Amino acid sequence: MIIQTIMFYVLAVGTVGAGVMVIASRNPVHSVLFLILAFFNSAGLFVMMGAEFLAMILIIVYVGAVAVLFLFVVMMLDINFAELRAGFLQYLPIGGVIGIILLAELVMVFASGAIEIEVPTNVASPTPPPDEVTNTQALGDVLYTRYAYLFQGAGFILLIAMVGAIVLTHRRRTDVRRQRIADQVARDPKAAVRLTDIEPGAEGTWKSD
Amino acid sequence: MENSQLLVFFLSSIGKILIIVHLLLIGVMAMIWAERRVSGWMQDRLGPNRVGFQGILQPIADGLKFLFKEDLIPDHVDKPLYVLAPAMLLVPAMVTIAVVPFGSSITILGNEIPLQIADINIGILYVLAVTSLGVYGVVLGAWASNNKYSLLGGLRSSAQMISYELTLGLAIIGVLMLTSSLSLREIAMAQGSYPWHWNFLIHFPAFLAFTTAMFAETNRLPFDLAEAEQELVAGYHTEYSSMKFAMFFMAEYMNMIVGSTVVVTLFLGGWHFFGLENIGGPVWSGLISFGIFFVKTAIFLFVFIWVRWTLPRFRYDQLMNLGWKFLLPVALTSIVVTGTLWIMTNSRLIVGIGNVVSAFIVVSIVAGLLVMKTPKPAIQDSDENSHQPLSTQ
Amino acid sequence: MNNNFLLLLPEFIVTGLAFVVLGLDLFLPERRKWVLPIVAVVGLVVALVVSLRYLWGVSDSLYDGVIRVDGYALFFKAFFIALGGVVVLVSVDFVRRNLEHPGEYYGILLFTVVAMMLLAASGELLTAYISLELLSFGLYVLVAYDRYNAKSNEGATKYILLGAFSSALLLFGISQVYGLLGTTRFDEISSALSSADALSPGLILGIALIIAGLGFKVAAVPFHMWAPDAYEGAPIPITAHLAVGSKAAAFALVLRLFAEAFMPIVEQWQILLIGLAVITMLLGNLVALAQRNLKRLLAYSSVGQVGYLLMGVAALAATGSGGIMLHLVAYAVTNMAAFLCLAAIYNITGRDDIAGMAGVARRAPLVGLVFAVSLFSLAGLPIFVGFTSKFYLFNAAAAQGLLWVAGIAIFSSLISLYYYLQVVRQLYIEPAEDAAPIPVPRLTLGVLGALFAGMVGLGVYPAPLMEAVQYASDALF
């Protein structure tokens, strides 16, 4: 048990620390890397909770794909981030005030009563015990039956996002030359080869490229 | 678990880890030698044959040379990331092997020891997760080098990885559906002793898609756009030298080996071969199964080298077209067809035939659309400018 | 768990329709794209007929209560399908003149209709959230659809950023509720809440966050900042869709959520909603006074209308949802008419500021008349439907004992009358800069006529609508 406790704190501190560094680091590429570190630590926390499927999916999807895209974009961006941050401090007073108000509200809410942290007893559909069913199967059992609509709905959302992204950025370029394999295949020697008689020593009959 | 069992588990695990990691490292050296010799053979020349018998010690000589070279860190690099990058590439390549079953099992002193470092129930997801990390080594090395050729290599690599990872993940779903398990050991065991029971026949299009995507993930020719030396000097590792460069180099070969073991496990029947794996006692059968697995992997690695010297490098738009317009639809179709036919007929034969037919249809449709829908160029060809280079998007 | 998927037939039809439209667009040559809206409208009519034919009187649920099929859902389903049809009709001329890629436009529009239908049917928080996101994503894209117009881009950017932010708030609230009650289903939340002896602060925080998140979606006042810019930038039919459809859909969710899930702790949230309602109606109507752009003016006026609706939600416990639903329908018909008039004018003159309306009544008499009527109806003048519904809504608030809130509502209605009259003055009294008549397509005239008939007819004889609303409202309580 002691090992698990230590691991939990290592991972939890790692997650929070990396999260802080995401917004604190000056270089956006480093931010993305800290984000990845945060994902990793959370995946570790998932594994400790016995949710290994979620942990792996977190890594495959977020670390393996989403963060790579972030990195891709950040690396390509030509933004002077120091310049972007120049006006940052002038918003500090108002931002700080709002932050303090929110913090005070949260403290008041949470201080006015104890937060129940025990798992509620009136859970509608309790999760199956982890030693009987692998959590991949447990997730599949509800995801494709009870929550089938959520699954499909999320699919529609992604479809709309994809169609929208393409439709809003697509433009038909007329100034590029594309390879057209059909034309290349259909080309015959008559169209491709030109026989020219060149006078020996004569200049100007052959156009150079 | 009893204490003695725990001890056996502990010791056998350490033993397996040591053996496998060393096999992997030796395998890398063997691959480097094999690649150079096979290349020589294919190109009708000799290849390295001076150091040791038939040049077999050449990789060791190379390694020593790398070790003794000066460890240069250029001034303009992002130092922590520059140092981290080779490790980020090498470590994922190495740890993937942990879940791959490399044989059935050996019984020593009444204790059955499975020939696999860790049989976790989400093995294949672990493989996908860890291999997806490899791209960071490339991208970080590229970015940290602070060199435009490196950066271009890194960008190409990240775009390529994202495009092909989808196929990699989708292509195995048919296999998972029929096995109804994510554990690599169970997937290997579910395939019978004879080649017609193996997954590559049942999921032939998915097998091809997976293999192609794996070539792309390992950054090997014909997918080595990230380091295309004619265009980008050496791509993402332009600024690297000595042992750091060697780590990039090793990671590439290690990725190939690990990828081959995964393909063998998923599609080529794992350690099965005409019942040969059942011969002999509890020890010998395990060792034979390991041998079978080893040979299959080696054959597949030969295919890697073969392809390298057979196919030229893709152009970038061809790479994207292949990934998004052919492999991805094929992988998706194979999921739908496998699921539908399996529920309807419960017959592996019909699933196999259906997969091939549907993949053929999909590829024909896509190819037809590509040929018909490519817009006519606005710039009309004429004899005068027909020699301009094709610009591509 | 036995799912009778026939109950989802309307949703299936509209979803299939969206795919058909997207697919058809791929194969239709540019000059045949006019087929798309026809297909869309015909499909929507089929969906409407099917839902009325097969779902009337059905009270059932799917997926363990995740999706509800009852009178309430049916009412909104029919309402949203009809609304979607009108938006498509409104779009026909506008899209042809001003936008490219019509296929994706209509396809995404149909997806938002599905989302709205499911939003009214959801009986569980996550279902509601997914439907809301489906709706929002469609609207993000549609708001930005006029892509060569900087204002459209600006509005869409603000909408996306604040929309994402509000989704985060909503999700955080949902996770609080789930964490503390162990369920996301409305009926189970309700029973958990009524059996709990003391409310934990985390739960109150969660409910407040849900209210804030939904407040963003309906553009209630402290969360309304995106609305004017998004309304101004969006293509006019989408502005109408945004002002009417998305708002009605969010209220369809709010009503069910508060009536079914949070009713046991009505004292806790009532005061919050009253506060929101009061500042929303006052601020919306006051800021509208200063607007020069008609789309912005209508945006602020719709913020004001949200205030009235929130007041109705606050009075939910005693009087039920009838008044709100009545007002939603009235507001939809009226606003749709106003935006269609604006689109008809904008298509020819390219003006959407108030001064640009000068003399329109003489240049296009029918458009001017319907425009004026719709503005009067928005202000709540008698014989138009806006009066009837406002009367019921304010009455409901007063019956609940919120007399002072109703007083403020009447006061802000008076304010709104002032700026509506400003527009009417431009329409009828100010001389036109260019006296040439504005040609209006027959289709537009037809839709305008129908909406006009709706505004006056329902204002004079609201009984059938009241019955429908009563039927729907019964399902909720």
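Of the two pairs of chains in contact, however, chains A and C share the most contacts, while chains B and C are joined by no contact, their closest C-alpha atoms lying 11 Å apart. Because the model is predicted, local features need pLDDT of at least 70 and side-chain atom pairs count only at pLDDT 80 or more, whereas totals for chains, interfaces and linings use all residues. Residues are numbered from 1 along each chain as its sequence is written, and chains are lettered from A and ligands numbered from 1 in the order in which they are written.

**Chain A with chain B**

**Chain A with chain C**

- The contact between these chains takes 26 residues from chain A and 34 residues from chain C.
- Five helices of chain C, namely H4 (102-121), H5 (125-143), H6 (150-181), H7 (186-195) and H8 (201-218), each supply at least two residues of the side that touches chain A, and the largest share, 10 residues, comes from H5(C).
- The residues on this side of chain C divide into 19 nonpolar, nine polar and six charged.

**Within chain A**

- An unreviewed UniProt entry lists residues 6-25, 32-51, 57-79, 91-115 and 147-168 of chain A under "transmembrane region"; the positions are given in the numbering used here, feature names are shortened, and annotations may be inferred rather than shown by experiment.
- Residues 6-25 of chain A are 95% helix and 0% strand, with end C-alpha atoms 27 Å apart, and residues 147-168 of chain A are likewise 95% helix and 0% strand, with end C-alpha atoms 31 Å apart.
- The domain assignment, whose bounds come from an automatic or database source, gives domain 1 (1-79) and domain 2 (126-189) of chain A, and their centres, taken over C-alpha atoms, are separated by 24 Å.
- The contact between the two domains takes four residues from domain 1 of chain A and four residues from domain 2 of chain A.

**Helix packing in chain C**

- Helix H1 (residues 9-27) of chain C and H4(C) pack at an angle of about 170°, with their axes 8 Å apart; axes are lines fitted to C-alpha atoms, for helices over the stretch in contact, and angles run from 0 to 180 degrees between N-to-C directions.
- That angle makes H1(C) roughly antiparallel to H4(C), since angles over 145 degrees count as roughly antiparallel, under 35 as roughly parallel, 65 to 115 as roughly perpendicular and the rest as oblique.
- The residues making this contact include Val14(C), Leu17(C) and Val21(C) of H1(C) and Leu110(C), Phe111(C) and Val114(C) of H4(C).

**Confidence**

- The model scores ipTM 0.88 and pTM 0.85.
- Chain C averages a pLDDT of 86, with 98% of the residues scoring at least 70, pLDDT being the predictor's confidence in each residue, from 0 to 100.
- Chain B has a mean pLDDT of 83, and 94% of its residues reach 70 or more.
- Over residues 379-393 of chain B the pLDDT is below 50, and beyond near neighbours in sequence this stretch has 12 contacts in the model.
- Where pLDDT is low, the predicted coordinates should not be read in detail.

How values were computed:
Helices (H or I, at least four residues) and strands (E, at least two) are DSSP runs, numbered from the N terminus. Two residues are in contact if their C-beta atoms, placed from the backbone, lie within 7 Å. Ala, Val, Leu, Ile, Met, Phe, Trp, Tyr, Cys and Pro count as nonpolar, Asp, Glu, Lys and Arg as charged, and the others, Gly among them, as polar.
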